[in-house]
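Please look at the sequence and the structure before reading on.

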Amino acid sequence: QVQLVESGGGLVQAGGSLRLSCAASGSIASINTMGWYRQAPGKQRELVADITSGGVTNYADSVHGRFTISRDNTTNTVYLQMNSLKTEDTAVYSCYHVGSWAHVTYWGQGTQVTVSS
(Lines give C-alpha, C1' and ligand atoms only; values in the text may rest on other atoms or scores of the structure.)
Protein backbone atom coordinates (compact mmCIF):
# COMPACT_ATOMS: atom_id res chain seq x y z
CA GLN A 1 0.00 0.00 0.00
CA VAL A 2 2.94 2.34 0.65
CA GLN A 3 6.02 2.51 -1.51
CA LEU A 4 9.21 4.21 -0.34
CA VAL A 5 11.99 5.24 -2.70
CA GLU A 6 15.30 6.29 -1.17
CA SER A 7 18.18 8.20 -2.68
CA GLY A 8 21.25 10.20 -1.72
CA GLY A 9 23.65 7.62 -0.38
CA GLY A 10 27.24 7.39 -1.46
CA LEU A 11 30.87 7.66 -0.49
CA VAL A 12 32.02 10.71 1.43
CA GLN A 13 35.11 11.73 3.36
CA ALA A 14 34.93 12.10 7.13
CA GLY A 15 33.72 15.57 8.01
CA GLY A 16 31.64 15.82 4.86
CA SER A 17 27.90 15.87 4.32
CA LEU A 18 25.20 13.88 2.58
CA ARG A 19 21.47 14.36 2.24
CA LEU A 20 19.21 11.33 2.06
CA SER A 21 15.71 11.51 0.61
CA CYS A 22 12.76 9.16 0.93
CA ALA A 23 9.65 9.70 -1.16
CA ALA A 24 6.47 7.91 -0.12
CA SER A 25 3.55 7.07 -2.36
CA GLY A 26 0.38 5.01 -2.15
CA SER A 27 -2.06 4.77 0.77
CA ILE A 28 -0.23 7.10 3.12
CA ALA A 29 -1.73 7.53 6.58
CA SER A 30 -2.52 11.15 7.36
CA ILE A 31 -1.09 10.74 10.87
CA ASN A 32 2.17 8.89 10.69
CA THR A 33 5.81 8.64 11.61
CA MET A 34 8.61 8.42 9.09
CA GLY A 35 12.27 8.00 9.81
CA TRP A 36 15.56 6.31 9.21
CA TYR A 37 17.20 3.21 10.59
CA ARG A 38 20.73 2.11 9.83
CA GLN A 39 22.58 -1.17 10.01
CA ALA A 40 26.34 -1.56 10.01
CA PRO A 41 28.17 -4.88 9.52
CA GLY A 42 28.04 -7.01 12.65
CA LYS A 43 25.52 -4.76 14.37
CA GLN A 44 21.77 -4.72 14.81
CA ARG A 45 19.60 -2.23 13.01
CA GLU A 46 19.25 0.95 15.05
CA LEU A 47 17.00 3.98 14.86
CA VAL A 48 18.80 7.07 13.62
CA ALA A 49 15.99 9.61 13.62
CA ASP A 50 12.28 9.90 13.04
CA ILE A 51 9.67 12.59 12.61
CA THR A 52 5.91 12.61 13.02
CA SER A 53 3.46 14.17 10.60
CA GLY A 54 3.15 16.94 13.20
CA GLY A 55 6.87 17.65 13.05
CA VAL A 56 8.02 16.12 16.34
CA THR A 57 11.55 14.76 15.94
CA ASN A 58 13.65 12.16 17.70
CA TYR A 59 17.37 11.42 17.31
CA ALA A 60 19.82 8.81 18.41
CA ASP A 61 22.40 10.17 20.84
CA SER A 62 25.18 9.30 18.41
CA VAL A 63 23.86 11.64 15.71
CA HIS A 64 22.24 14.41 17.73
CA GLY A 65 23.63 17.78 16.71
CA ARG A 66 25.03 16.44 13.43
CA PHE A 67 21.98 15.06 11.64
CA THR A 68 18.70 16.80 10.92
CA ILE A 69 15.50 15.05 9.89
CA SER A 70 12.78 16.96 8.11
CA ARG A 71 9.75 16.29 5.96
CA ASP A 72 7.61 17.89 3.32
CA ASN A 73 4.02 16.77 3.83
CA THR A 74 2.97 18.21 0.48
CA THR A 75 5.20 15.72 -1.32
CA ASN A 76 5.31 13.00 1.36
CA THR A 77 9.08 13.13 1.41
CA VAL A 78 11.37 12.80 4.40
CA TYR A 79 14.97 13.98 4.41
CA LEU A 80 18.01 13.25 6.51
CA GLN A 81 20.70 15.92 6.35
CA MET A 82 23.93 14.38 7.62
CA ASN A 83 26.76 16.74 8.52
CA SER A 84 30.14 16.18 10.14
CA LEU A 85 30.06 12.56 9.08
CA LYS A 86 32.23 10.05 10.90
CA THR A 87 33.52 6.68 9.81
CA GLU A 88 31.23 5.05 12.36
CA ASP A 89 28.25 6.43 10.45
CA THR A 90 28.99 3.94 7.69
CA ALA A 91 25.92 1.74 7.26
CA VAL A 92 22.96 0.92 5.09
CA TYR A 93 20.29 3.50 5.81
CA SER A 94 16.64 2.50 5.43
CA CYS A 95 13.57 4.70 5.45
CA TYR A 96 10.31 3.61 7.08
CA HIS A 97 6.70 4.74 7.33
CA VAL A 98 4.13 3.70 9.94
CA GLY A 99 0.64 5.04 10.58
CA SER A 100 -0.51 5.95 14.07
CA TRP A 101 -2.72 2.85 14.35
CA ALA A 102 -1.00 0.75 11.74
CA HIS A 103 -0.42 -2.98 11.81
CA VAL A 104 2.30 -2.73 9.18
CA THR A 105 5.53 -0.78 8.90
CA TYR A 106 6.72 -0.08 5.37
CA TRP A 107 10.39 0.03 4.45
CA GLY A 108 12.47 1.42 1.65
CA GLN A 109 15.09 -0.60 -0.16
CA GLY A 110 18.02 0.95 1.72
CA THR A 111 20.87 3.14 0.57
CA GLN A 112 24.54 2.67 1.37
CA VAL A 113 26.44 5.43 3.15
CA THR A 114 30.18 4.96 3.37
CA VAL A 115 32.37 7.44 5.23
CA SER A 116 36.10 7.19 4.62
CA SER A 117 38.91 8.54 6.77
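Tyrosine 96 has a relative accessibility of 7% in this predicted model. The cut-off for buried is under 20%, so tyrosine 96 counts as buried. Tyrosine 37 is partly exposed, at 24% relative accessible area. Tryptophan 107 is partly exposed as well, with a value of 38%.

The ring centres of tyrosine 96 and tryptophan 107 lie 5.7 Å apart, and the planes stand at 45°, so this pair is tilted. Distant parts of the chain are linked by the pair: tyrosine 96 belongs to strand E9 and tryptophan 107 to strand E10, eleven residues apart.

The structure holds three aromatic pairs. One of them joins tyrosine 37 and tryptophan 107 in an edge-to-face arrangement, with 5.4 Å from centre to centre and 65° between the planes. Tyrosine 37 is in strand E4 and tryptophan 107 is in strand E10 (residues 106-107), so this contact ties together parts that are 70 residues apart in sequence. Through ring pairs, Tyr37, Tyr96 and Trp107 form a cluster.

Charged side chains also meet rings. Over the ring of tryptophan 107 sits the charged end of arginine 45, 4.7 Å from the ring centre. Elsewhere, arginine 19 lies over the face of tyrosine 79, and its distance from the ring centre is 4.0 Å.

**Salt bridges**

Side chains of opposite charge can pair when their charged atoms come close.

| Residue | Partner | Distance |
|---|---|---|
| Arginine 38 | Glutamate 46 | 2.9 Å |
| Aspartate 89 | Arginine 38 | 3.0 Å |
| Aspartate 89 | Arginine 66 | 2.8 Å |

Together, Arg38, Glu46, Arg66 and Asp89 are linked in a network of salt bridges. Are aspartate 89 and arginine 66 buried or exposed? Both are buried. Arginine 38 has 7% relative accessibility and therefore counts as buried. Glutamate 46, in contrast, is partly exposed, with a relative accessible area of 36%.

Where in the chain do these residues lie? The bridge from aspartate 89 to arginine 38 joins distant parts of the chain. Aspartate 89 is in the loop between strand E8 (77-82) and strand E9 (91-99), whereas arginine 38 is in strand E4 (residues 32-39), 51 residues apart.

Strands of a sheet pair through backbone hydrogen bonds, either parallel or antiparallel. Here four strands form an open sheet in the order E1-E3-E8-E7, and the pairing is antiparallel. Which are the edge strands? Strand E1 (2-7) and E7 are the edges, as each pairs on one side only. From one strand to the next, the twist averages 15°.

Within this sheet, strand E3 (residues 18-26) pairs with E8 in the antiparallel sense, over six bridges. Leucine 18 stands opposite methionine 82, which is in E8.

Notes:
Residues numbered from 1 in each chain as written. Predicted model: local features only at pLDDT ≥ 70, side-chain atom pairs only at ≥ 80, totals over all residues. Heavy atoms only, no water. Salt bridge = Lys/Arg side-chain N within 4 Å of Asp/Glu carboxyl O. Buried < 20%, exposed > 50% of the residue type's maximum accessible area, 1.4 Å probe, protein only. Helix = DSSP H or I, 4+ residues; strand = E, 2+ residues; numbered from the N terminus. Pairing = 2+ DSSP bridges. Axes fitted to C-alpha atoms, helices over the stretch in contact; angles between N-to-C directions. Phe/Tyr/Trp six-rings, centres within 6.5 Å; stacked < 30°, edge-to-face > 60°. Lys NZ or Arg CZ within 6 Å of the ring centre and 35° of its normal.
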